Amino acid sequence: MTAAEVLPAVTPAGAETADLRVAVLGVGLMGADHVARLSRRVSGARVTVVSDAATDRADQVAAGVPGARVVPDPLAAIADPGVDAVVVASPGRFHEEQVLACIERGVPVLCEKPLTMDADSSLAVVRAEDAYTARTGQRLVQVGFMRRFDPEYAALRELVASGGLGEPLLVHCAHRNPAVPAGVTTESVVNDSVVHEVDVARFLLGEEIAAVTVLRPRSTRRAAEGLSDPLVVLLETTGGRLVDVECFVSTGLAYEVRTEVVGEDGSALIGLDPGPVRLSAGPGGAVRGSTAAPGFRERFGRAYDIEVQRWVDAARHGGIDGPGAWDGYAAQAVCAAGVEALRTGRRTEVRMEPRGGTRS
Ligand SMILES: NC(=O)C1=CN([C@@H]2O[C@H](COP(=O)(O)OP(=O)(O)OC[C@H]3O[C@@H](n4cnc5c(N)ncnc54)[C@H](O)[C@@H]3O)[C@@H](O)[C@H]2O)C=CC1
Ligand SMILES: O=C1[C@@H](O)[C@H](O)[C@@H](O)[C@H](O)[C@H]1O
């Protein structure tokens, strides 16, 4: 999609037509992308406030958006009367405070993954939103698991849900990054990368993850000091299905995300590149023989656009349209078990509170 194209809004005729005034908290890689898509590719919204601990970055991003102001304090940005909704794209350790402040003020929030840094704090967000929903009937929190909006993942889920593969039995996932920033640890790979596969498994199979095992095969020579890379993660679902995840974040090649569902009556695979599928390192580290995407922004660009458009459309009508706080909590609970499994080398059961609350 070109920058000039605008995704179709689903706003019904006669409904509220004023643009949603959005504050974006954190305008690094993801936040700056979200500002650009809200300003140029998504309809029904405009960015009015930008907030970032790095004020020079905030100034630079706001300068490119007519009508946007910088409010350096993120909590002041959430409280700003010129803000109807918030996108949280700050580092994960700030999400809990910022999302809770949005619930407190009663503004819709699209929070990048992870919802928070651990299961307990994610559950606190679930409970706070439940209390708000009990009073108002409205949901406020959507979590940025963008793969649910990717046309290939949506089609795969439809196929599984319609029984097109028979009873699903196994899911095979590969998640490969060419490289990760310095400082990434094996634990953070579970929390930042494997977390997407956890959400995909729950999305495709419609059931929770009951136990996690993490295997550490021999690491690539490209892995940073102390990083176990690749990992193989086994997720057992409550219905007895098995999901295996290869997570390999320093391949030196391209961004490859593949998912295959194997059912009693068939299998389906997504994420294959249209061109030749062999990847190999060429001279100077160049990737040869493939049309694979270089990174997640390219592979999932369309998914991010659809995610944000649907969130805007829903937020303008007082709701969400995508994974919510419970999905964020469930993913954190599974990742917590994954980190424990990594530490102990043992199969670890996922500890989750009963769903309860006000949601269906
Ligand atoms: N859905 C997806 O595929 C992806 C999601 N993410 C998530 O997006 C979030 C942001 O990640 P990146 O953009 O890659 O990080 P980044 O480091 O590029 O950007 C974060 C920005 O937040 C700013 N910041 C720091 N403290 C802040 C605070 N208290 N309030 C507001 N802003 C603050 C930083 O100065 C920086 O500009 C993370 O939660 C990350 O996990 C990141 C990459 C892909
Ligand atoms: O969320 C993301 C990053 O944080 C993570 O580091 C990558 O592995 C994922 O592919 C990307 O979608």
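This is a predicted model: local features need pLDDT of at least 70, side-chain atom pairs count only at pLDDT 80 or more; totals for chains, interfaces and linings use all residues.
According to the UniProt record, an unreviewed entry, residues 20-130 carry the annotation "domain: Gfo/Idh/MocA-like oxidoreductase N-terminal".

Helix H4 spans residues 95-105, and its buried residues are His-95, Glu-96, Gln-98, Val-99, Ala-101, Cys-102 and Ile-103. These buried residues pack against H3 and E4 as well as the elements tabulated below.

| Element packed against by the buried residues of H4 | Residues |
|---|---|
| Strand E1 | 20-25 |
| Strand E5 | 109-111 |
| Helix H5 | 119-136 |
| Strand E6 | 141-143 |

Just after H4, the backbone of Gly-106 adopts a positive phi of about 75 degrees.

Asp-80 is located in the loop that runs between helix H3 (74-79) and strand E4 (85-88). Asp-80 counts as buried because it has 20 C-beta neighbours inside 10 Å. When residues up to four places away in sequence are not counted, Asp-80 touches Ala-23, Val-49 and Val-71. Asp-52 is 28 residues from Asp-80 along the chain, and their C-alpha atoms are separated by 15 Å.

Ligand 2 is surrounded by Asn-177, Val-180, Asp-192, Ser-193, His-196, Val-249 and Phe-296. By class, this shell divides into 3 nonpolar, 3 polar and 1 charged residues. Helix H7 (residues 186-205) gives the most to the shell, with 3 residues.

Terms used: Residues are numbered from 1 along each chain as its sequence is written. Chains are lettered from A and ligands numbered from 1 in the order in which they are written. Helices (H or I, at least four residues) and strands (E, at least two) are DSSP runs, numbered from the N terminus. A residue is buried if 20 or more other C-beta atoms lie within 10 Å of its own, exposed if 12 or fewer, and partly exposed in between; C-beta atoms are placed from the backbone. Two residues are in contact if their C-beta atoms, placed from the backbone, lie within 7 Å. A residue is near a molecule or strand if its C-beta atom, placed from the backbone, lies within 6 Å of it. Ala, Val, Leu, Ile, Met, Phe, Trp, Tyr, Cys and Pro count as nonpolar, Asp, Glu, Lys and Arg as charged, and the others, Gly among them, as polar. UniProt positions are given in the numbering used here, feature names are shortened, and annotations may be inferred rather than shown by experiment.
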